[in-house]
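Morning, everyone. I will walk through one structure, a part at a time. Please have a look at it first.

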Amino acid sequence: MRRIDRIVILTGAGISAESGLGTFRDEGGLWSQHRIEDVATPEAFARNPDLVHRFYNARRIQAASAKPNAAHDALARLQSDFPGEVVLVTQNVDGLHEKAGAQAIHMHGELSRALCASCGHRWDAPPEMVVGEPCTACRAPTARPDIVWFGEMPYHMDDIFDALQTCDLFAAIGTSGQVYPAAGFVQEARMAGAATVELNLRDSDMSHAFDDHITGLASKTVPAWVDRLLA
Ligand code: APR
């Protein structure tokens, strides 16, 4: 077994499901209640900013009171106790990795942050944002949620690909593998010669690409997986 100096972990909505936050594509998920083209594209925001703000306000308020679960806690423990490097990349915007004490790369942004569409300034978002919300730097009425919408480039991709191309182990936790570029990370890691493992309730669209699968609830499988890595 190759020495593990660097682990890259990708998390998706499934890791936060047991914290009471809905996923996107499971039964009753967010995309069965809202159309992506109505609430999660730049065009949607231009067309109906009030609807988009209300969609993210509801999620921001829910996430603010959500608690990390044993899976988030286990990844924070891994990041602090593992002798090598643990790069935690999340598609989630709920802030639960930070609440658990971990540091994550937020490739889809964060509900807790606001972004000025005019000057690019970022700041801590108020619980509820409104149409015409002024930027706290340039004062222009062009504040938006600091969320990467469909059709926009995810954040920190250079850092993420640097980590993938030099990792020894890649794990995907609670993601359906349906949205790129995240769905392609496992192939990047495989090309770097990394071992790959998927932790999920069920098969995902990318299951075929992983060496190993650990099936079950993240709050159970992730702590056990971390215990084995730290043994
Ligand atoms: N434990 C482990 N896995 C779980 C659990 C659980 N308790 N509950 C659900 N899952 C798994 C599901 O089996 C599914 O594979 O989590 C995954 C959730 O998939 P999605 O809802 O598609 O969420 P995600 O993969 O994070 O979506 C990726 O799509 O809509 C965009 O920007 C959005 O970041 C999101 C991206």
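Let me start with H108. Leaving out neighbours within four places in sequence, H108 is in contact with T90, Q91, V93, D146, I147, V148 and P154. Bear in mind that this is a predicted model.

Where does H108 sit? H108 is in the loop between strand 3, residues 104-106, and strand 4, residues 109-116. Is H108 buried or exposed? The relative accessible area of H108 is 17%, and buried means under 20%, so H108 counts as buried. One of its contacts has a polar side: the backbone oxygen of Q91 lies 3.2 Å from a polar atom of the H108 side chain. An unreviewed UniProt entry carries the annotation "active site" for H108. That label comes from the record, and such annotations may be inferred rather than shown by experiment.

Next, T23. T23 is in the loop between strand 1, residues 6-11, and helix 1, residues 30-33. With a relative accessibility of 10%, T23 is buried as well, because that value is under 20%. Which side chain does the side chain of T23 meet in a polar contact? That of D26, at 2.7 Å. Not counting residues up to four places away in sequence, T23 also touches A13, G14, A17, G29 and L30.

Now the strands. In general, strands of a sheet pair through backbone hydrogen bonds, either parallel or antiparallel.

The parallel case comes first. Strand 8, residues 195-200, pairs in the parallel sense with strand 7, residues 169-173, over five bridges. In that pairing, I173 stands opposite L199. Strand 8 also pairs in the parallel sense with strand 9, residues 212-215, over four bridges, and there E198 stands opposite H213. Strand 7, helix 8 and strand 8 make a right-handed β-α-β unit, with helix 8 covering residues 185-191. Why is strand 8 called largely enclosed by the rest of the structure? Because five of its six residues are buried.

The antiparallel case is an open sheet of three strands, in the order 5-4-6. Strand 5, 122-124, and strand 6, 143-147, are at the edges with a single partner strand each, so one side of each has no neighbour in the sheet. On average, neighbouring strands here are turned by 45 degrees against each other, direction ignored. Strand 4 and strand 6 are joined by four bridges, and A114 stands opposite P145 in strand 6. Finally, helix 4, residues 49-64, lies across strand 4 and strand 6, at about 55 degrees to strand 6.

Conventions
Residues numbered from 1 in each chain as written. Predicted model: local features only at pLDDT ≥ 70, side-chain atom pairs only at ≥ 80, totals over all residues. Heavy atoms only, no water. Helix = DSSP H or I, 4+ residues; strand = E, 2+ residues; numbered from the N terminus. Buried < 20%, exposed > 50% of the residue type's maximum accessible area, 1.4 Å probe, protein only. Contact = heavy atoms within 4.5 Å. Polar contact = N/O pair within 3.5 Å; in protein donor to acceptor, adjacent residues only side chain to side chain. Pairing = 2+ DSSP bridges. Right-handed = clockwise from strand over helix to strand, strands pointing away. Axes fitted to C-alpha atoms, helices over the stretch in contact; angles between N-to-C directions.
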